[in-house]
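This report covers nonpolar surface, nonpolar cores and aromatic pairs. The sequence and structure come first.

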Amino acid sequence: MLAMMACGVNAGINSDVRANEINLVSHCAQKGCDCGEPVCGCEPVAPTCDTGICDGGCDGGCDSAGCGCGSGSGCGIGSILTGGDCCLGDPWTLFGEHNGWSAGGWIQMGYHSDALPLFNSRPDELQLHQAWLYAEKAIDTSNGFDIGGRIDYLYGTDSQDTQAFGINNDHWDNGWDNGSDYGHAMPQLYMEAGYGDLSVKVGHFYTIIGWEVVQATGNFFYSHAYTMYNSEPFTHTGALATYNVNDNVTAYGGYVMGWDSGFEDNGDAFLGGLSVGLTDDLTVTYATVGGVFANNQAAYEQGYMHSIVADLALSDKLQYIFQSDVLDTEDRAGATARETFDINQYLIYSINDCWSYGTRFEWYDAKSGVLAGNDVDVYALTAGVNYKPHANVTVRPEIRYDWVEGNPAGILENNDDEQWTFGVDSIFTF
């Protein structure tokens, strides 16, 4: 969503990568070392920083660039873990970018020890979560009017959770299943036009609600929050305008045909919000959707929900994200359909381009309509690492502890009221 563009969190797993040579961390090219222009990664590699070997190459490394032997960088894995350089270089792509046109994708494979009532519902098995392809013509309004668009295709165990399931009639991609867990999805197909500071997107696109996203390349953690899965829409079909009021304020507004449906009417709702940079270090985003979320023979739901995300840079390396969502809807008879409230907090520390550590703590207050209909409070604490051994590869191990206050039936495995889950995935972008 909006806050995924914030600095520091997803710096190495963005899908919009540029073509270049593949350089492994442990095999940085030495032949391009120019002593007249210090370049991080050109310094000689030695087992320790006190062997004297650094004195003979490039005048001691890249001290003037803030790395190299003089700063303790380039001296083994220990320095990488504590803030040294890892010389990833630019990522490689199959197609690159040409006149605003680009195409690419990623492969995400993962394993988790236990099932969660979220995306990771197929436990104790190595699985293909996302085989993703996209093609895009990005708009450039710096010289006036421009037009573009994007299409996304997905295959894997995540696909059924991002299909157009808002109307259960097997239309659009809702019937593209391959067994009980795998399947296909086309979560985005839209055109976009813009002029100056205004752009309008028309078609089928991902929501602006919340901080976590469906795309594996946009999240720090392998697993997801209860909030994202149960209380937020994934996709909309309609029109959404974006206006950059100034350098610090961006406004959003549009009309969508409900939640998570394809190219047919499933409701009438307003989708919009405001993102404000209050300081150089703090951005607050309010996003909301209100109206009829579902209107078909099988379901009717109307109401209101919003998400507030505060993204604060505590330092150059430490980022704190606070999120709170409210969802309150009713059915055709006026009875409560879904009612939830949550607080999510993230703390992410970026060591360098190769290593970052993070924690997430969630309180999810599910009063009605989700998690088997139970009135429960669910808590989840997650700790994880992002490691990039290569500019195109991210490995994300994590450990997660969930516990339920209230009736745990139908939430965690074996109806337990607490659960430890280990998970690890790897993402390869191209």
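## Terms and model

Buried means under 20% relative accessible area, exposed means over 50%, and partly exposed is in between (1.4 Å probe, protein chains only). At 41% relative accessibility, L198 therefore counts as partly exposed.

The model is predicted: local features need pLDDT of at least 70, side-chain atom pairs count only at pLDDT 80 or more, and totals for chains, interfaces and linings use all residues. Residues are numbered from 1 along each chain as its sequence is written, and side-chain values use heavy atoms, with hydrogens and water left out.

## Surface patch

L198 lies in strand 7; strands (E, at least two residues) are DSSP runs, numbered from the N terminus. Together with V200, V202, Y243 and V245, L198 forms a nonpolar patch on the surface, with about 400 Å² of accessible area together. Strand 7 (residues 198-206) gives the most to the patch, with 3 residues.

Patch residues have over 30% relative accessible area and no salt bridge, and nonpolar side chains (Val, Leu, Ile, Met, Phe, Trp, Tyr) are joined within 5 Å. A salt bridge is a side-chain nitrogen of Lys or Arg within 4 Å of a carboxyl oxygen of Asp or Glu. Areas come from the Shrake-Rupley method with a 1.4 Å probe; for residues, only the protein chains shown count as cover.

## Nonpolar cores

A nonpolar core is a set of buried Ala, Val, Leu, Ile, Met, Phe, Trp, Tyr and Cys residues joined through side-chain atoms within 4.5 Å. The largest has 15 residues, and L271 and V289 have the most contacts inside it. Strand 9 (249-256), strand 10 (269-277) and strand 11 (282-295) are the elements that give two or more residues to this core. Strand 11 gives the most, with 3 residues.

Leaving aside neighbours within four places in sequence, the contacts of L271 (heavy atoms within 4.5 Å) include F205, I209, L240, V256 and V289. A second, separate core of 13 residues includes Y226, Y364, V404 and L412.

## Aromatic pairs

Rings of Phe, Tyr and Trp (its six-membered ring) pair if their centres lie within 6.5 Å; planes under 30 degrees apart count as stacked, over 60 as edge-to-face and the rest as tilted. By this rule the count comes to 22 aromatic pairs. F361 and W403 form a tilted pair, 6.3 Å centre to centre with 40° between the planes. F361 lies in strand 15 (residues 355-368) and W403 in strand 17 (residues 393-405), so the pair ties together parts that are 42 residues apart in sequence.

Y379 and W403 form a stacked pair, at 5.3 Å and 15°. Y379 is buried, with a relative accessible area of 17%, whereas W403 is partly exposed at 23%. F361, Y379, Y401, W403 and W420 form one aromatic cluster.

Key
Patch = residues over 30% accessible without salt bridge, like charges linked within 9 Å, V, L, I, M, F, W, Y side chains within 5 Å. Helix = DSSP H or I, 4+ residues; strand = E, 2+ residues; numbered from the N terminus.
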